[in-house]
Structures are given as C-alpha cells and as structure tokens.
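Please walk through this structure with me, starting from the protein surface that faces one of the DNA strands.

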2 protein chains.
Amino acid sequence: MPTAAPLRPRKAQIDRTATALFRARGFAATSMRELANELGLEAGSLYSHIKSKEEILHRVCFGLAEEFFAGFAGATADAATPVAAQLRQAIEAHVQVLTRDSAASAVFLHEWRHLTEPARTEFLALRDRYEASFRALIERGIAAGELEAPDAAFAALTLLASLNWLPSWYRPDGKLTPAEIAHRLAEQLLGGLLLNE
Amino acid sequence: MPTAAPLRPRKAQIDRTATALFRARGFAATSMRELANELGLEAGSLYSHIKSKEEILHRVCFGLAEEFFAGFAGATADAATPVAAQLRQAIEAHVQVLTRDSAASAVFLHEWRHLTEPARTEFLALRDRYEASFRALIERGIAAGELEAPDAAFAALTLLASLNWLPSWYRPDGKLTPAEIAHRLAEQLLGGLLLNE
DNA sequence: TTCTTTTGCTAACGAGCGTTAGCAAGTATA
DNA sequence: TATACTTGCTAACGCTCGTTAGCAAAAGAA
C-alpha cells in the first residue's frame, strides 16, 4: 500500500531544508527566497520542483500523520498482548517517530495552523483520530483492570502532551539515545497509570 | 514593587486584541491592518498607542513570565510546608495563570520565537530559570524522601509539558472549572512521583 | 479660556512577499 | 542521434507588509 510515491531527490531536499526553516522560524516567517538561498538557488527555481509553499507544509504534516498512525498500528496489532504493554509500545513508537525527524515533528505539532482549508480541517480530523486511539487504548486498559485513571480522556491528553514536548528539547547528539528516552518516558508516564506497581 | 505601570485603556485593549489574533493566526501571520480592523481603526492609528508590533509581543511574553514567577513564589513561600505540598501548589498556581488568560499563555508558549535579540535571549533565560525552579523543587522533594523519580530534570520537563498543553484544549466554558482542572492535573502528575500513595 | 493629551485619520514610503513566464543548459533514455 | 525530463536562470507581476509624517478633532486639566 504505497500511499506516497518516492520524491525526486531535489524535491526531497527542498522538503528537508524547508522543514528545518519552518521549525526554526515558523512557516509564515520563512520566505521562499530564504529557502532558495539555503539551497543555493534563486527563488523562482523552486517552482520547477514544487507547486507552492503550502504544498511543502502539506506534505510534511500529512506525511508525519501517516507515520504516527503506522507506529500506533504496529504497537497495537497483537490483540493477545496485555493492554498495558500495547500502551507502552505505542508510547515508544510515538517517541521513535518524534526523534527520527524532530524537525518535521515540530512542524507537524506547531505549523499545521497555516494549512488553508480544507487541508486544515482534514488535518485536525486526523489528529483527533490519533488522540482518540490513545484514549480508547487507555479505556480498554482500565476495563481490563490493568490501568487506573479517573478520566481516560484526561490521561490521554496529558500523556501525549508530555511526549509532544520532546521535539522542543531533544537533541540527536544528547546523552540519551531515542530508545532510552522512549523507555524512560514510558516508565514515568505509565507510573501514574499502572494499577499494580 | 510595581514593575508594570497600568496601561492606558486603549493600549490595553490593543494588547488584548492582538494577543487573541497572535494566538489564532501566529505573530508573523497577523498583520497590523488585521489588528486595526478588529478594533475598528486604520492601521496607522495604532501607532498613536504603540511603538511597534513587536512591542506588543514583548509585553505579553514578559508580562506572563512575571505572573508565572509570582505564582511559583507564592506556592513555595513557606519553607515549613512539605515539599510535595509545595509542588502541588506550584502546579495549581501554574494552571491558574494558564487558565486566567489562555490566549496570552498560548502566545507566551509559542510566539516568543518572534522576539528579536536581545529580547529573545532574555526571554529564554527567564524560561530556563522557571524550569530550573521546578527541577530544584523536585530534587528537594527527593532529598526529603517525599518524592521519587529516576531523573528530576526529566520529571520537571514532562510535568511542565503536560501543564503547558492546557491552553491548546482549555475552554473557559468547559465543564471543568480551572480549580478542578488544576486539582486533577496535580493528582495525575503527582501520582507518578509520590513515594507513598 | 488656553494648553496638553488622547485618539484617529489619510496618504504614502520602501521593502519584501509568493508566484509566473519564458528561456536554456545538462542529463538520461530511446 | 533524437527526445524527454530535470534543473536552473532572469525579470517581473501584483500585492501586502510595518511604519511614518502631517493633520485634526475631542476631552480633560489649568
């Protein structure tokens, strides 16, 4: 199910560079001339590869959404696995996506508001759906007697909030590996949820 | 210690309206003409009251920083109070600031990057100092045997992350009052930290 | 009344914005 | 060799941006 055809290399490079700039300066404050300059091009030349500035943002946001869904699906594929373990794997998958491309993640988390309709509404629907998946997982865990929380929706929100703060401070050359970060976050966040410690 | 003189009413109104727009569209994507229009003015008229667009952002960001520090200071003023209780009060104070003006909070959290130097660096220093205060409090709690966490810095980051997600979903007309939200967040977040439950 | 402050207007400035048209060189494929 | 695709340039388009200058009405203080 190849949902995204592989981009031509120059186009992919534009996306990567733009993503870094969008993260550093914000989408609206990043100009096409700045982006072109970063790539050693003239502004007009960009349009041999892309249709518009927003097209880049669109690809980044929706591409990452796909990755998050894929990670969650992989973590919860086996219904025989205890729900608490599934949740732990979902947390780790989420962290893996966040750390694998933290620039794109930061754009995904903060710059989606600059999508114009109808893309913006579509994006928010995806985001809600993802959030609902975590909520449902936690609810299943409570029903199974594996987790406890006064409010599953609340728990899901704070859980994702903690995870999504990661791109703000994660540095690829930091002392913790992505796997260690994921493990530690999972420990800490499940600590407040697990029924029997 | 009056650090901020009361603003003339029109100026205060401009700040409020600008804050709402900055939150909704982002600082860079909000134009002075849009802001003026929202106030029933022409763009040039704004400059009878303010010096520049950034001046507004500066006032919002640093004004809120002051509120956060004041809240924290109040929560940790009494050294006789158990550290865990101080932390709970600090969480509740933080939430109170976030909910009292969630638009300004959102701007504080996301739009500071559009401050130009040296304000940007000054702001980040304040932010780091605030974060360090929470970390120190948690460390004190661990030392006193009231809290447990494998890494105080990590715990402080995830704690603030969960709290700072609040302006993204908080609605003043929601079913939970700010006090209830604060209490529930404190419960949930301390749940993962308290040594004896 | 006179003076100052507050508030707002119109008109315009220089600059930067995203984007397009038209052209041309290089590269891969047939 | 011929053909198509990729990549990039220059020049310019219409537009919006933040901001300023100069003027004027209204309100409050003296």
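Near DNA strand D, at least two residues of the surface are supplied by each of helix H1 (9-25) of chain A, helix H2 (32-38) of chain B and helix H3 (53-75) of chain B. Helices here are DSSP runs of H or I with at least four residues, numbered from the N terminus. The model is predicted: local features need pLDDT of at least 70, side-chain atom pairs count only at pLDDT 80 or more, and totals for chains, interfaces and linings use all residues. Residues are numbered from 1 along each chain as its sequence is written, while chains are lettered from A and ligands numbered from 1 in the order in which they are written.

Around DNA strand D there are 18 residues, of which Gly44(A), Ser45(A), Ser31(B), Gly44(B) and Ser52(B) come nearest; a residue is near a strand if its C-beta atom, placed from the backbone, lies within 6 Å of it. By class, this surface has five nonpolar, seven polar and six charged residues. Ala, Val, Leu, Ile, Met, Phe, Trp, Tyr, Cys and Pro count as nonpolar, Asp, Glu, Lys and Arg as charged, and the others, Gly among them, as polar.

DNA strand C is surrounded by 19 residues, the closest being Ser31(A), Gly44(A), Ser52(A), Gly44(B) and Ser45(B). Two or more residues each come from helix H2 (32-38) and helix H3 (53-75) of chain A and from helix H1 (9-25) of chain B. H2(A) gives the largest share, three residues. The classes are five nonpolar, seven polar and seven charged.

Chain A superposes on chain B by a rotation of 180° with 0.0 Å of shift along its axis (RMSD 0.0 Å), using least squares on the C-alpha atoms of residues with pLDDT of at least 70 in both. The two copies are therefore related as by a two-fold rotation axis.
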